[in-house]
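Let's walk through this structure together, from the overall picture down to single residues. Have the sequence and the model open side by side as you read.

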Amino acid sequence: MTGGEGPLQPGLAQVQRILSESARLAALCTACGECVKACPMPAFALLPAAEPAIVAAGMRAVLSGAPASPEGLAFVAACTRSGQCNAACPERLDVAFMLRLAGMRAKGATGEAPLVAVKSDPGWASRVKAFARMTMTEEEQSKWL
Ligand code: SF4
């Protein structure tokens with residue numbers, strides 16, 4: 001922690017780790033879209049008609065700090081940590097971790113300007129929570145929802 005910036009603000013060393021690991025994983029991602037196809041969330045997150053490779057490219061852009069597309073941001077924001085993406089990745093990347101790192105970057109946790117929030121859609125949170133209730137234990141729900 002850096003003090004005075006709130007308990008969720010990572011310190012400089014952690015920010016550097018987030019940025020270097022984000023860059024490393026983004027460079028390994030081919031944006032094939034297999035993780036998007038395996039993910040149960042797109043139907044609940046403004047993505048049902050989006051091309052998986054486009055969504056994946058958007059996620060990779062968020063991860064690397066490049067200009068983000070609405071599809072990429074929506075995929076990052078919709079992650080409920082199901083982990084189904086990991087088994088689908090032909091590059092054997094930890095996609096769930098990539099999404100977590102991308103989420104940190106999107107929220108500005110690394111000191112960068114936060115990206116436009118997809119939560120401007122008023123139905124977004126309720127759709128994500130509805131899906132999460134189907135997949136989470138009661139203990140997980142009390143912790144995460
Ligand atoms: S499945 Fe792996 S390589 Fe393909 S887009 Fe997802 S993270 Fe990238």
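## A guided tour

Of the 145 residues of the protein, 30% count as buried; here a residue is buried if 20 or more other C-beta atoms lie within 10 Å of its own, exposed if 12 or fewer, and partly exposed in between, with C-beta atoms placed from the backbone. Please keep in mind that this is a predicted model, in which local features need pLDDT of at least 70 and side-chain atom pairs count only at pLDDT 80 or more, while totals for chains, interfaces and linings use all residues. Residues are numbered from 1 along each chain as its sequence is written.

The protein has 8 helices and 0 strands, so labelled because helices (H or I, at least four residues) and strands (E, at least two) are DSSP runs, numbered from the N terminus. Along the sequence, the pattern reads α-α-α-α-α-α-α-α. Among contacts between residues at least 6 apart in sequence, 60% join residues at least 24 apart; two residues are in contact if their C-beta atoms, placed from the backbone, lie within 7 Å.

Now to the helix packing. Two packed helices are described by the angle between their axes and the distance between the axes. The axes are lines fitted to C-alpha atoms, for helices over the stretch in contact, and angles run from 0 to 180 degrees between N-to-C directions. Angles under 35 degrees count as roughly parallel, over 145 as roughly antiparallel, 65 to 115 as roughly perpendicular and the rest as oblique.

Take H3 (residues 52–64) and H4 (residues 70–78) to begin with: they pack at an angle of about 80°, with axes 7 Å apart. H3 and H4 are therefore roughly perpendicular to each other. On the H3 side the contact is made by Ile 54, Val 55, Gly 58, Met 59, Ala 61 and Val 62, and on the H4 side by Glu 71, Gly 72, Leu 73, Phe 75 and Val 76. By class, this contact has 8 nonpolar, 2 polar and 1 charged residues, where Ala, Val, Leu, Ile, Met, Phe, Trp, Tyr, Cys and Pro count as nonpolar, Asp, Glu, Lys and Arg as charged, and the others, Gly among them, as polar.

How much of H4 is buried? In H4, 8 of the 9 residues are buried, so this helix is largely enclosed by the rest of the structure. The buried residues of H4 include Glu 71, Leu 73 and Phe 75.

H3 also packs against H6 (residues 95–106), at an angle of about 60° and with the axes 8 Å apart. That angle makes H3 oblique to H6. From H3, the contact draws on Met 59, Val 62 and Leu 63, and from H6 on Met 98, Leu 99, Leu 101, Ala 102, Arg 105 and Ala 106. These residues divide into 8 nonpolar, no polar and 1 charged.

H6 has a further partner in H1 (residues 12–28): their axes come within 10 Å and cross at roughly 125°. H1 is therefore oblique to H6. Ile 18, Glu 21, Ser 22 and Leu 25 of H1 meet Met 98, Leu 101, Met 104 and Arg 105 of H6. The class count for this contact is 5 nonpolar, 1 polar and 2 charged residues.

Next, the loops. Leu 93 is found in the loop between H5 (84–88) and H6, and this residue is partly exposed, with 17 other C-beta atoms within 10 Å. Leu 93 touches Leu 25, Leu 28, Cys 29 and Met 98, not counting residues up to four places away in sequence. Leu 93 and Cys 29 are 64 residues apart in sequence and 7.7 Å apart in space, C-alpha to C-alpha.

Met 41, in the loop between H2 (34–38) and H3, is buried, with 22 other C-beta atoms within 10 Å. The C-alpha atoms of Met 41 and Ala 78 are separated by 6.2 Å, although the two are 37 residues apart along the chain.

Finally, look at the ligand. Of the 13 residues around the ligand, Cys 29, Cys 32, Cys 35, Ala 56 and Cys 89 come nearest; a residue is near a molecule or strand if its C-beta atom, placed from the backbone, lies within 6 Å of it. The shell around the ligand has 9 nonpolar, 2 polar and 2 charged residues.
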